Amino acid sequence: MNDTPARKPMRCAHDGAKLNHHATLIRDPLNREEADSVDPVADGVLIEVHACPKCGRGHPRTTGAST
Ligand SMILES: [Zn+2]
């Protein structure tokens with residue numbers, strides 16, 4: 001494997017399958033921490049939604065989060 005993704009892939013909390021990046025959403029920040037990661041172009045917090053190919057569950061994650 002020669003690919004070096006910039007971000008660690010998320011894994012499903014239920015079955016451990018590697019999640020696919022499904023969509024990116026924009027919403028208002030809910031707290032101070034999120035307000036710091038507001039995208040100035042989108043004027044909101046970018047939320048990545050990752051979908052599990054195995055069980056179909058969606059797992060949202062803020063793009064600014066390190067986890
Ligand atoms: Zn799953």
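Two points before we start. Residues are numbered from 1 along each chain, as its sequence is written. The model is predicted, so local features need pLDDT of at least 70, side-chain atom pairs count only at pLDDT 80 or more, and totals for chains, interfaces and linings use all residues.

We have an open sheet of 3 strands, in the order 1-2-3, with antiparallel pairing. Strand 1 and strand 3 are the edge strands, and each pairs on one side only. From one strand to the next, the twist averages 25°. For that angle, axes are lines fitted to C-alpha atoms, for helices over the stretch in contact, and angles run from 0 to 180 degrees between N-to-C directions.

Some terms. Helices (H or I, at least four residues) and strands (E, at least two) are DSSP runs, numbered from the N terminus. Two strands pair if DSSP finds at least two bridges between them.

Take strands 1 and 2. Strand 1 covers residues 20-27 and strand 2 covers residues 45-51. They run antiparallel, joined by 7 bridges. Look at Thr24: it stands opposite Glu48 in strand 2. Next along, Leu25 has Ile47 of strand 2 as its bridge partner.

On to strand 3, residues 58-62. It pairs with strand 2 in the antiparallel sense, over 5 bridges. Val49 stands opposite Pro60 in strand 3. His50 faces another histidine, His59, also in strand 3.

What lies between these two strands? Their hairpin has 6 residues between the strands, and in it Gly56 takes a positive phi near 80°.

Asp43 has a phi near 55°, a positive value in a residue other than glycine. Where is Asp43? It lies in the loop between helix 1 (32-36) and strand 2. The cut-offs: buried means 20 or more other C-beta atoms within 10 Å of a residue's own, exposed means 12 or fewer, partly exposed is in between, and C-beta atoms are placed from the backbone.

Last stop, Lys18. It sits in the segment before strand 1. Lys18 is exposed too, because it has 12 other C-beta atoms within 10 Å. Leaving aside neighbours within four places in sequence, Lys18 is in contact (C-beta atoms, placed from the backbone, within 7 Å) with Pro9 and Arg11. And Lys54? It is 36 residues from Lys18 in sequence, but 8.8 Å away in space, C-alpha to C-alpha.

Terms used
Contact = placed C-beta atoms within 7 Å.
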